[in-house]
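Please open the model in your viewer and keep the sequence panel beside it, as this tour moves from one selection to the next and says what is to be found at each stop.

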Amino acid sequence: MVPPVTPVDPFDLVVFGATGDLSQRKLLPALYYRCAARQLPAEARILAVARRKLSDSDFRTVARKAIEKHVPPDDRPEPALAHFLSRIHYFAAPANDDAGWPELKSVLAEHPERIRVFYLATDPELFGPFCEKIAAHGLVTEQSRVVVEKPIGRNLKSAREVNDEIGRIFPESRIYRIDHYLGKETVQNLMAMRFGNILFEPLWNSAHIDHVQVTVAETLGVEERAEYYDTAGALRDMVQNHMLQLLCLTAMEPPTSLDADSVRDEKLKVLKSLVPITAENAADRTVRGQYRAGASPDGRVPGYSDELGRESHTETFVALRAQIANWRWAHVPFFLRTGKRLPERVSEIVVAFRHIPHSVFDGNAGHIVPNRLVVRLQPNESVKLWLMIKDPGQGGMRLQSRALNMSFAEAFGGRNPDAYERLLMDVVRGNQTLFMRRDEVEAACRGIYPALEAWGAEDEPPKPYTAGTWGPAAAIALIERAGRTWHEDEE
Ligand SMILES: NC(=O)c1ccc[n+]([C@@H]2O[C@H](COP(=O)([O-])OP(=O)(O)OC[C@H]3O[C@@H](n4cnc5c(N)ncnc54)[C@H](OP(=O)(O)O)[C@@H]3O)[C@@H](O)[C@H]2O)c1
């Protein structure tokens, strides 16, 4: 089924860092798909900016290669690709000098009334310098907005500094802090499921839910992004942003509407309720690891320090037990784990319900497994509800645990649009619901970054784990100490 497409208003999108990895892998393919779906009006322009000197035609060749690499051949007939490329114009405009900026300004000045999006797909250290240049060259209009990528700061202090730098030029209502997990269909489905059905919300509390698990597992290592990754680590790269956002959407109170501030107010309350990780509780509540050489689905792979070319104490795996101190979630642990070089690529949220209070079945019925709701974000997006049902056949009452399985591919068919497609169009529409507000980012830093200090992350090596395993044994101990086990899909 082809989803309906509503064209957006005419816009100029300026992508800073257009020659970079993110632009090539995500932004250009996303824009191509939206163009091919006729969502971009004829007047919309894409202005690509980076440091190196390239002509329009040179950059279009770069963009063509990126799209040929990341979009399957059937989705890119030549006329559609050529039409998309013809809409891109390139400017060499460095963050730290004025060359190229007057040219960019004169092209933008052709349509001062248009929606103007500045997408900073660059190192966060350049967010401030770029915002200053944008303002100094008079490019900010009433219709301008800025999009920034993670990570925003390495700690609370630097997150505040980056936010201040952007905030000096753009009001909060026009700052879009992207967390692409929020653009994933299944993540939005969490809200559809919770608030579009009467079934779950009455049970969505500590009286009925035993615990929640959030897993974001990758089979890949750091490969050519090792230098960047080494400055971040799994806590900053995954937990502080994507995983806490998943936790927030799972745990928040129903907002009064899907209006941006209603949703973000509720997420903020969750972040403020996180019991902080401290030097006293870190050993019990967190595990950090780093992969060593081992096996991956692609064969033998090197360890992290071999990929990086030197020893490092940066973690490539984190497991933690989060606690939300409010009435709804009192004593319900939220187990989070993420890592690179794990046995499979999977992102999912598991809501594990409590045991039934009393069994009417005799011993022959078998073990009664508590219900689980499993929201699979990738791959094979699905929602599974594990229920006890009767084993078919005569004789006594034997039960088994089976899943009601709502597979998105089966239910809707077709291609599942990438999160960036949705989010880019939301920026043009001026819808901030799926973007993080400043106070959310800073509350997430306050809730999570104390772990770095508690670990003595600079001095203490992370626990080693062999590539192709589910992280250090301590991660299994972390959940088992609490009397639970990590979810394994049985079907
Ligand atoms: N890559 C990902 O998968 C990913 C995922 C999530 C978030 N992010 C975030 O997205 C941002 C971009 O990451 P990336 O991996 O795409 O980086 P990247 O591959 O290193 O690309 C950096 C881009 O910035 C440009 N640039 C560097 N210094 C500049 C300067 N002084 N003035 C103007 N342009 C300059 C480069 O232009 P030249 O080529 O001309 O030097 C290049 O286009 C970062 O904030 C990153 O944390 C990336």
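Begin by selecting Ala282, which is in helix H11 (residues 282-285); helices here are DSSP runs of H or I with at least four residues, strands are runs of E with at least two, and both are numbered from the N terminus. The model is a predicted one, in which local features need pLDDT of at least 70 and side-chain atom pairs count only at pLDDT 80 or more, while totals for chains, interfaces and linings use all residues. Residues are numbered from 1 along each chain as its sequence is written, and side-chain values use heavy atoms, with hydrogens and water left out.

Ala282 has a relative accessible area of 4% and is therefore buried, where buried means under 20% relative accessible area, exposed over 50% and partly exposed in between, with a 1.4 Å probe and protein chains only. Not counting residues up to four places away in sequence, Ala282 touches Ile277 and Ala454, contact being heavy atoms within 4.5 Å.

Next, select helix H9 (residues 234-251) together with helix H10 (residues 260-273). Two packed helices are described by the angle between their axes and the distance between the axes. For H9 and H10 the angle is about 110° and the axes are 9 Å apart; axes are lines fitted to C-alpha atoms, for helices over the stretch in contact, and angles run from 0 to 180 degrees between N-to-C directions. That makes H9 roughly perpendicular to H10, a description used for angles of 65 to 115 degrees, whereas those under 35 count as roughly parallel, those over 145 as roughly antiparallel and the rest as oblique.

To see the contact itself, show the side chains of Leu244, Gln245, Leu247, Cys248, Leu249 and Ala251 in H9, which meet Lys267, Val270 and Leu271 in H10. The residues of this contact divide into seven nonpolar, one polar and one charged, with Ala, Val, Leu, Ile, Met, Phe, Trp, Tyr, Cys and Pro counted as nonpolar, Asp, Glu, Lys and Arg as charged, and the others, Gly among them, as polar.

Stay with H9 and centre the view on Leu244, where there is a kink of about 35°, the bend at a residue being the angle between axes fitted to the seven residues ending there and the seven starting there.

Now move to Gln432, in the loop between helix H14 (419-429) and strand E17 (435-436). Which residues is Gln432 in contact with, leaving aside its neighbours within four places in sequence? They are Glu172, Ser173, Arg174, Ile175, Tyr176, Ala260 and Arg264, and Gln432 is buried, with a relative accessible area of 10%.

Finish with some backbone details. A cis peptide bond joins Lys150 and Pro151, with omega about -10°, and Pro151 lies in the loop between strand E5 (144-148) and helix H6 (156-167). Arg341, in the loop between strands E12 (333-339) and E13 (346-353), has a positive phi of about 55° although it is not a glycine, and at 4% relative accessibility Arg341 counts as buried.
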